[in-house]
Amino acid sequence: MENDEFSKELNVAVRVVHMACSLCEKVQKQLISTNSDQVRSKDDHSLVTVADWSVQATVSWMLAKALGSHISIVAEEDTESLSRPESSSLLARVVDVVNECLAEATRFGLQGPVSALSASQVLDAISRCSSIGGRTGRHWVLDPVDGTLGFVRGDQYAIALAMIDGGDVKIGVLGCPNYPVKDDGLKKYSQQNLILSNKPSGEVGCVMYTRKDSRKAWMQPLIHRDEMLEWPNSAKLIRVSSISNPALATFCEPVEKSNSDHSFAAGVACNVGLRKKPLRVYSMVKYAAIARGEAEIYMRFASSSYKEKIWDHAAGVLLVQEAGGVVTDSGGHPLDFSKGIYLEGLDRGIIACSGHQLHEKLIGAVYASWESSNL
Ligand SMILES: Nc1ncnc2c1ncn2[C@@H]1O[C@H](COP(=O)(O)OS(=O)(=O)O)[C@@H](OP(=O)(O)O)[C@H]1O
Ligand SMILES: [Mg+2]
């Protein structure tokens with residue numbers, strides 16, 4: 001991919017997401033090593049927010065450094081609560097985590113700051129991500145920690161970075177620090193519900209990435225300890241599954257019922273002839289599972305009052321598409337990333353599939369189930 005359009009942007013984005021994965025791994029380790037339940041619930045919240053803000057500051061600072069400070073970034077976090085006087089110790093932790101991460105930039109083939117960033121520089125980096133996207137120009141789209149619940153529970157989460165140009169997603173990068181990289185790893189892992197502190201070392205963690213119209217998607221393992229990120233860092237091509245028989249297909253959905261209607265999805269699954277139990281996975285790792293061929297279908301039916309955000313989908317959607325899959329809303333229409341921070345006009349839900357045959361069946365079944373559920 002080296003000589004193609006956006007190759008510099010893709011290269012920088014992948015390296016930055018590797019840095020963010022390393023940052024999150026450290027913070028999540030702290031989180032799961034806290035034992036007392038009481039301390040945990042209090043600490044959980046602040047550690048997640050530390051990770052969110054620190055990733056956003058790091059990615060924002062590194063992208064501006066590598067690509068110019070004029071870049072537009074759309075991201076989930078703002079600095080309102082972090083700037084308040086009562087948040088000073090939280091801010092101090094964020095500044096430490098960010099500087100610790102930036103100090104290692106050369107390990108990832110990037111240039112960090114000459115000296116440590118001050119609190120106001122960190123706040124500036126976070127608040128610089130207040131763009132609202134749109135149809136014109138180029139916008140980076142970041143979900144610093146997607147799958148907050150997975151992160152807190154020591155389970156799956158993702159760092160999602162995409163670039164939208166002229167309203168189209170051109171680059172998609174997903175950092176998945178707990179993704180089991182061995183064959184069939186995710187299925188086995190989810191069924192056994194392993195606690196991460198027991199995870200076999202060296203077998204989890206990767207960055208998946210793609211560029212629009214490349215018809216290719218890649219996966220690199222994370223680097224650990226003192227290793228250097230040497231491009232292409234053992235990148236492997238990933239591809240969607242070739243299974244088109246519903247009876248053999250695996251479908252993913254959000255873990256929480258509040259994020260997707262499990263019983264409606266079960267009805268659609270039954271209608272299509274899916275036989276396996278749903279694979280419930282936190283975060284955009286669900287898109288990664290389709291792109292990597294570990295599952296064939298991802299169904300998401302949020303409540304009608306909820307508006308899906310572009311940072312929860314942009315990177316994952318492009319990954320699935322370039323790995324050979326199909327993603328649309330439940331009416332079969334393409335997702336529209338050109339309307340600002342929301343996926344406006346979304347018809348009921350989102351369906352991602354490994355191929356057209358399954359996708360057509362799913363769309364048909366959503367129509368049928370919708371009609372009968374509204375009788
Ligand atoms: N009501 C409702 N319906 C649908 N989606 C919602 C809703 N509320 C939030 N969100 C967004 O969903 C993101 C988490 O989705 P997941 O697929 O990871 O869900 S789950 O944790 O597995 O249940 C989650 O992303 P993170 O906040 O980054 O975790 C939210 O952006
Ligand atoms: Mg999210």
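Me: How many Å separate the centres of domain 1 and domain 2?
Reply: This is a predicted model, in which local features need pLDDT of at least 70, side-chain atom pairs count only at pLDDT 80 or more, and totals for chains, interfaces and linings use all residues. Residues are numbered from 1 along each chain as its sequence is written, while chains are lettered from A and ligands numbered from 1 in the order in which they are written. The domain assignment (automatic or from a database) gives domain 1 (7–238) and domain 2 (246–373). Taken over C-alpha atoms, the separation of the centres of domain 1 and domain 2 is 24 Å.

Me: How many residues of domain 2 are in contact with domain 1?
Reply: Two residues are in contact if their C-beta atoms, placed from the backbone, lie within 7 Å. Domain 1 brings 43 residues to the contact, and the number from domain 2 is 29.

Me: Which element gives the most to the side of domain 1 that touches domain 2?
Reply: Helices (H or I, at least four residues) and strands (E, at least two) are DSSP runs, numbered from the N terminus. Elements that each supply at least two residues to this side of domain 1 include strand S3 (158–165), strand S4 (168–180) and helix H6 (185–192). With seven residues, the top contributor is S4.

Me: Which domains give residues to the shell around ligand 1?
Reply: Ligand 1 is surrounded by 17 residues, the closest being Thr148, Pro254, Val255, Glu256 and Ala302, where near means a C-beta atom, placed from the backbone, within 6 Å. Strand S2 (138–146) and helix H5 (148–152) are the elements that give two or more residues to this shell. Ligand 1 lies between the domains, because its shell draws on both domain 1 and domain 2.

Me: At what angle do helix H7 and helix H10 pack?
Reply: Two packed helices are described by the angle between their axes and the distance between the axes. Axes are lines fitted to C-alpha atoms, for helices over the stretch in contact, and angles run from 0 to 180 degrees between N-to-C directions. The axes of H7 (residues 262–272) and H10 (residues 356–373) are 9 Å apart, and the angle is about 120°.

Me: Which residue has a positive phi although it is not a glycine?
Reply: The residue lies in the segment before helix H1 (7–32). Its phi is about 65°, and the residue is Phe6.
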